[in-house]
Amino acid sequence: MSKMLKEPLASVDGVLKSLKNLLDARAILADPPVEFLDMDGFVHIYESLLEIRNAIMATSVGDLNYPIRKKGYIAGTIKGLQASLRHLTWQTKAIASGDFTQRVDFMGEFSEAFNTMVKQLDDSMTKLNMREQELIKIAHTDPLTGINNRGYFMELLTTEFERARRYGHTFSVMMTDLDNFKSVNDTRGHGAGDEALRTMARVVQMSGLRANDFWGRIGGEEFAIVLPETVIADAVAVAERIRITLSETPVRYENEEFFITVSIGVSQNRTGDVQATLLSRADEAMYQAKRTGRNRVCQSD
């Protein structure tokens, strides 16, 4: 091969090696090799490949806003990839905040895997939320009657006290105790006693309490009822309705029927009251009803 032919081929070989290094080498020169600067079009190709290399490297480490100044198919593809990844990042943040409606329809198999992950997260969160609600209900509920237990009733009463103090409102409390409940257990068995408690719960539930009234089972056969925005005279009328209805409602247990009665004490909140003083007055009124014959409603002084 002649010297004149070998020299151009050697130059082409050097150019190709230089451009290949742009794509393969770990370290490269930012400026084109000086020996090829005079070759027509070399600098443009070198700068284009360098820009693409830098864009790919930036994207791979998470810089999705790296500005690609070159145009062309590959540069456009990288811009599209950056846009998809930015959108995916935004959707991932939305999912992390609890929005499980996000889905993607790009990047092939990745989309399917991503959407499957989101659906599984959504299903898991739904199950966790349902379980959380079940646990909250269990923590707040008396298992025998299905109404509020003592702990949750006292929480609600604390909230009502705070509301009444803040707005200067009044409310009334009823303390109820089934009459001769021990006798029911002793003579008819604890199953009958449990049914008597459930009957009392149903009577109160059907007594026309308002949506903001609340109540709970606070002891063995004791129930407490709170009537917000209610003066004691009106609370006594509600208590009488419950007392009469219970006395007329049969307790049905193992193909038998029997009747029970209840003694009720009513009190109204006063300035300076705390839970203990208010409930104590209602409790004392309830015992007064017991002492004076049972199946009665008494109000505190």
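What follows is a conversation about the sheet, its strands, some helices and the aromatic pairs of this predicted model.

Trainee: What makes the strands an open sheet, and in which order do they stand?
Mentor: Five strands form the open sheet in the order 2-3-1-6-7, and their pairing is mixed. Strand 2 and strand 7 (297-299) are the edges: each has a single partner strand, so one side of each lacks a neighbour in the sheet. From one strand to the next, the twist averages 15°.

Trainee: How do you know that strand 1 and strand 3 pair?
Mentor: Two strands pair if at least two bridges are found between them. Strand 1 (residues 171-178) and strand 3 have seven bridges, in the antiparallel sense, so by that cut-off they pair. As an example to look up, M174 stands opposite I225 in strand 3.

Trainee: Why is strand 3 called largely enclosed?
Mentor: Strand 3 (residues 222-228) has seven residues and seven of them are buried, so the rest of the structure largely encloses this strand. Both of its faces take part: E222, A224, V226 and P228 point one way, F223, I225 and L227 point the other way, and all are buried.

Trainee: Which helices lie on the sheet, and how are they directed relative to strand 6?
Mentor: Helix 8 (residues 232-247) lies across strand 1, strand 3, strand 6 and strand 7, and runs at about 170° to strand 6. Helix 9 (residues 275-291) packs on the sheet as well, touching strand 1, strand 3, strand 6 and strand 7, with its direction at about 145° to that of strand 6.

Trainee: Why does S263 count as buried?
Mentor: The cut-off for buried is under 20% relative accessible area. S263 has 0% relative accessibility, so it counts as buried. S263 sits in strand 6 (residues 262-268), and its contacts beyond four places in sequence include M175, D177, M286, K290 and N295.

Trainee: What makes the approach of S263 to N295 close enough for a polar contact?
Mentor: A polar contact needs N or O atoms within 3.5 Å. A polar atom of the S263 side chain lies 3.4 Å from the backbone nitrogen of N295, so the distance passes that cut-off.

Trainee: Is D177 buried or exposed?
Mentor: D177 is at 9% relative accessibility, so it counts as buried. This residue lies in strand 1. Leaving aside neighbours within four places in sequence, D177 is in contact with E221, E222, V262, S263, M286 and K290.

Trainee: What does helix 4 reach from its first C-alpha to its last?
Mentor: Helix 4 (residues 109-140) has 32 residues and reaches 46 Å, close to the 46 Å expected. The buried residues of helix 4 are S111, F114, N115 and V118, and helix 3 (73-96) is included in what covers them.

Trainee: How many aromatic pairs are there, and what makes one of them edge-to-face?
Mentor: The count comes to four aromatic pairs. F161 and F171 form one with 5.3 Å centre to centre and 90° between the planes; planes over 60 degrees apart count as edge-to-face, so the label follows. F161 belongs to helix 5 (residues 150-167) and F171 to strand 1, 10 residues apart. F161 is buried, with a relative accessible area of 5%, and F171 is buried at 0%. Elsewhere, F36, F42 and Y46 form one aromatic cluster.

Methods. Residues are numbered from 1 along each chain as its sequence is written. This is a predicted model: local features need pLDDT of at least 70, side-chain atom pairs count only at pLDDT 80 or more; totals for chains, interfaces and linings use all residues. Side-chain values use heavy atoms; hydrogens and water are left out. Helices (H or I, at least four residues) and strands (E, at least two) are DSSP runs, numbered from the N terminus. The expected span of a helix is 1.5 Å times one less than its number of residues. Buried means under 20% relative accessible area, exposed over 50%, partly exposed in between (1.4 Å probe, protein chains only). Contact means heavy atoms within 4.5 Å. A polar contact is a pair of N or O atoms within 3.5 Å; within protein, one must be able to donate a hydrogen and the other to accept it, and residues adjacent in sequence count only if both atoms are side-chain atoms. Axes are lines fitted to C-alpha atoms, for helices over the stretch in contact, and angles run from 0 to 180 degrees between N-to-C directions. Rings of Phe, Tyr and Trp (its six-membered ring) pair if their centres lie within 6.5 Å; planes under 30 degrees apart count as stacked, over 60 as edge-to-face and the rest as tilted.
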